[in-house]
Structure formats: C-alpha cells, structure tokens
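Biologist: Can you walk me through this one? I'd like to start with the terms and then go to the inside of the protein.

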Amino acid sequence: MKTERFLMATAWVVALLMVTSCGSHRGLGRRSVQSDGEENSKSSKAGRISKTAQAKQDGNTTVAPFSTDTLQQKAFLEKIADNAQKGHFITSKIKFSVEVGNQQMTLTGNLKMKRNEVIRLQLMGFGFVEAGRLEFTPDYVMIIDRINKQYLKVAYNQLTFMRTSGLDFYMLQALFWNEIFKPTAPKDGTPAPEMKSQRGLDDDIVLSIDNDKLSYRWLAENTTARVKMANVLYTDRFRGNYQLNWDYEDFKRNEMKYFPMRHNVTVTAPEKEVKFSMVLNYMGHEENWETRTKLSGKYRQVSVDEILRRFMAL
C-alpha cells in the first residue's frame, strides 16, 4: 500500500517545478521569518548549484572576468546556440528516478517532445502500466494520474512562482533541450537585465542574469560551449527560497550534435527537496504521435491544494 501510494505521488513530482509556490497559503508556501544566519544555512542546502557557482557564492575563490569584449561573449553565445538540436522532435525510452526525503523509486517511461509545442513524460508503474503523464504546452500544464483517474490542468499564470519568476513553457523547454534562455522583460516596461559572463573553475564559463530576487546561472564548457548546468534561484526572505538545479551528463553524438543522455534535477522548496534523474536510452525523432492528450469523462479534475496535500504526506 505504501509503495502504491508513493508510486501515485511520483506521477505528480515534476509538476512541483511550478506547484510548490502556488497561491495556496498552506503546505509548502508558508515559512516563519528567520535570521540571516538561519536563512543562509538553509539556502546553502537548497539544491546543488555546482562547484563553480557555489565557490563564487561563498566567496572562496576569485572569479576572473570571462571577457571585457562583448563581441567575444556574443561569439560564445552563438557557439552555444549552434550546439542546439536542429530537429523538431526528441523521443526516447527513459529511466526516471525520484528521491523525496528517505524514499526513492525508479520507474521506466517515455519522453516525447516537439519543439515549441509540447513536453510529455509518461511514467510507467510495474514496468508496463502508465501511472502518470506530465504534459507541458505553451498554454497549460496537465498532470494525469492514470491509477486514480484524476488530472490537474492549469495555465501558467495561475501558478504564483511561474508568474513571479518569469518562467514559462519556453524556458522549461530550454532546460529539457539543454539550451540557454533569456528571461522575458518585465511588464512594467523595465528592460530585461543583461547576461554577464565570467571564467569559472576548470576553465568553464559561468553565464548569469540577476534581477531583483531572481538569479539565473548556466555553466558551459569553454572549448565545446556545451551547457553542463542550469540554475534558477528565487530568494524570498519571508517565505523562503526556491531553487531549481539542472545538471547535464553523458553527452552523446546525435546527427552531428551532442545531447546529454542523463539529466539530474534538484527542486528545493522551504520544507521539501525533490531530486530526480532522467536517463535517455537513445535519441529518437518519432513524429507520428498526438501532441495533445485527450481524456475521457471518467477522469476527475483535482485542485492544486489536493496535490500539495498528497506531496506533504510523503
């Protein structure tokens, strides 16, 4: 029974990238005010930023400027862009591992993505039964619990963290596709902050964008311009910090381009930390599949609060 409950909850985990900071005033959204020392201690444990970014944050190293020549930075960014996959589809069988506290589970599944249209994760229970489906489109997020015939479908602007952080479908797509992104400009007309670049440890390049409570970081190899890590940190002294850290490993060649076959992700909220890894079996480009999931009337729509309660019960 416990395994089955964890299996069902696992089908909702990826959605916590958006849900953990939603408009609900219960569960993960609440936090008491802490002193600076307590806040810094908590923040230092909130996800793995990477050795380069952490050393810079802690002040344990002097990071030399990458270049004072904006043309060199532009050339490096163009090299990163040139590493992007040129096809419109990425499909693969995957192994999906989830860790919440002291509980762990590994599932098999399928990854199906069509550029600018959909990111879909199908998670299989017991090796052959689809336990959950996670579908991200430009307009909404849909999470389907196949076991209990339940689903959640919400627009991005209904999720407070997505709204305040500026994250949207296209930024999530960049994370899944191993690309960098530039946050959209604020709606008040303030220009978007510029990207900065610095030389980090091991001759890697740290790209960064800072905007008020938000900071975005990428770590890229100097020679190949492959993105090795992405990090988004939202700092809130009163409600606590939220952090997403995405590491890329095991790059394999795919039609003249390289793509990471292993993605290690840590999502940190004030009261919970979720770690999951996604390992691709191969790089496919299957095109013959529907990009939108249609549900029968047997499925019941649930609220964000119900998902939060389920997650907090783990």
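Modeller: Strands here are DSSP runs of at least two residues, numbered from the N terminus. Bear in mind that this is a predicted model.

Biologist: Fine. Where does Asp-145 lie?

Modeller: Asp-145 is in strand S5, which covers residues 140-145.

Biologist: Is Asp-145 buried or exposed, and why?

Modeller: Asp-145 is buried, because its relative accessibility is 0% and the cut-off for buried is under 20%.

Biologist: What lies 3.1 Å from a polar atom of its side chain?

Modeller: The backbone nitrogen of Ile-147 is at that distance from the Asp-145 side-chain atom.

Biologist: Switching to the core. Which residues have the most contacts inside the largest nonpolar core?

Modeller: Phe-181 and Trp-218, in a core of 61 residues. Helix H7, residues 169-176, gives the most to this core, with six residues.

Biologist: What does Phe-181 touch?

Modeller: Leaving out residues up to four places away in sequence, its contacts include Met-171, Ala-174 and Leu-175, as well as Trp-218.

Biologist: What lines the second largest cavity?

Modeller: Among its lining residues are Ile-80, Asn-83, Trp-177, Glu-179, Arg-226 and Phe-259. By class, the lining has seven nonpolar, three polar and two charged residues.

Definitions and conventions. Residues are numbered from 1 along each chain as its sequence is written. This is a predicted model: local features need pLDDT of at least 70, side-chain atom pairs count only at pLDDT 80 or more; totals for chains, interfaces and linings use all residues. Side-chain values use heavy atoms; hydrogens and water are left out. Helices (H or I, at least four residues) and strands (E, at least two) are DSSP runs, numbered from the N terminus. Buried means under 20% relative accessible area, exposed over 50%, partly exposed in between (1.4 Å probe, protein chains only). A polar contact is a pair of N or O atoms within 3.5 Å; within protein, one must be able to donate a hydrogen and the other to accept it, and residues adjacent in sequence count only if both atoms are side-chain atoms. On a 1 Å grid over the protein atoms alone, a cavity is a set of points where a 1.4 Å probe fits but cannot get out, and a pocket is an open set with protein on both sides within 12 Å along at least five of seven lines; lining residues have an atom within 4 Å of a point. Ala, Val, Leu, Ile, Met, Phe, Trp, Tyr, Cys and Pro count as nonpolar, Asp, Glu, Lys and Arg as charged, and the others, Gly among them, as polar. A nonpolar core is a set of buried Ala, Val, Leu, Ile, Met, Phe, Trp, Tyr and Cys residues joined through side-chain atoms within 4.5 Å. Contact means heavy atoms within 4.5 Å.
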